[in-house]
Amino acid sequence: MTPVLHMISDRDRHQLPLIEALSEAAEGGADVIQIRDKKMPVLRTLELVKNLKENLNRLHLATKIFVNDRMDLALAEKLDGVHLAAQSLPVATAHALRNQLKWQGMLGCSVHSLEEAMFAENAGADYVTFGHVFPSASHPQLAPRGLAALSLVVEKLSIPVLAIGGIDEENVESVLATGCSGVAVIGAVLDAENPKEAAYRLKQTMLACHIAPKTPFFKEENER
């Protein structure tokens, strides 16, 4: 039972071509690659997903692929999960749609408070990402939530909680000490000249902490 490294794409924060950077992150040890780009037309998102799937298959990697918002794309490409945000489909609606279509993928939700996290769990989310925990380049105008708030969310929820926001090799041990199920990152990997090496170092640092999460992220681990 080990914490997961969840890598999120960002079209503006990669030194290599995005598909290459994401593929390298998977090679380095990312357990999940989440495709997130609110401005990208769905056709381009589809192309990115197809190219990433091809690369993962060629590299014989079991890295999961999630996509933001687009349940249609996830269904068409048999992806492993859909991540929802404030302006996405409500979790309850997505949960009902998943049941109706008998899709087996995971449903995640971004939350920023204990109340939002509990609401997402009750609505049928399989996991939440909580943050931002530390100061983050993605949200420079907002104050970080901090480790105490993360710890409380982990304590109160029965589903996996991923920490997000300003997490890197230097502070990841303190994050995992809350019992969270893993970390979601952007800059810690994509900002690097060598995403494969950056992901590897971060993943190895996580493993070296020897801290088991309160709740395993993947269903097969949790026997759900």
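T45 lies in helix α2. Helices here are DSSP runs of H or I with at least four residues, numbered from the N terminus. The model is predicted: local features need pLDDT of at least 70, side-chain atom pairs count only at pLDDT 80 or more, and totals for chains, interfaces and linings use all residues. Residues are numbered from 1 along each chain as its sequence is written, and side-chain values use heavy atoms, with hydrogens and water left out.

Is T45 buried or exposed? T45 counts as buried because its relative accessibility is 8%. Buried means under 20% relative accessible area, exposed over 50%, and partly exposed in between, with a 1.4 Å probe and protein chains only. Setting aside neighbours within four places in sequence, T45 is in contact with I35, M40, V67 and L73. Contact means heavy atoms within 4.5 Å.

Now take L46. This residue is also in helix α2, which covers residues 42–58. L46 has 24% relative accessibility, so it counts as partly exposed. Beyond its neighbours within four places in sequence, L46 touches L73 and E77, being in contact with both. L46 and V67 are 21 residues apart in sequence, and their C-alpha atoms are 9.8 Å apart in space.

Next comes a pair of helices. The axes of helix α1 (residues 18–28) and helix α9 (residues 195–208) come within 7 Å and cross at roughly 35°. Axes are lines fitted to C-alpha atoms, for helices over the stretch in contact, and angles run from 0 to 180 degrees between N-to-C directions. On the α1 side, the contact is made by A21, E24, A25, E27 and G28. On the α9 side, P195, K196, A199, Y200 and K203 make it.

Terms used: Helix = DSSP H or I, 4+ residues; strand = E, 2+ residues; numbered from the N terminus.
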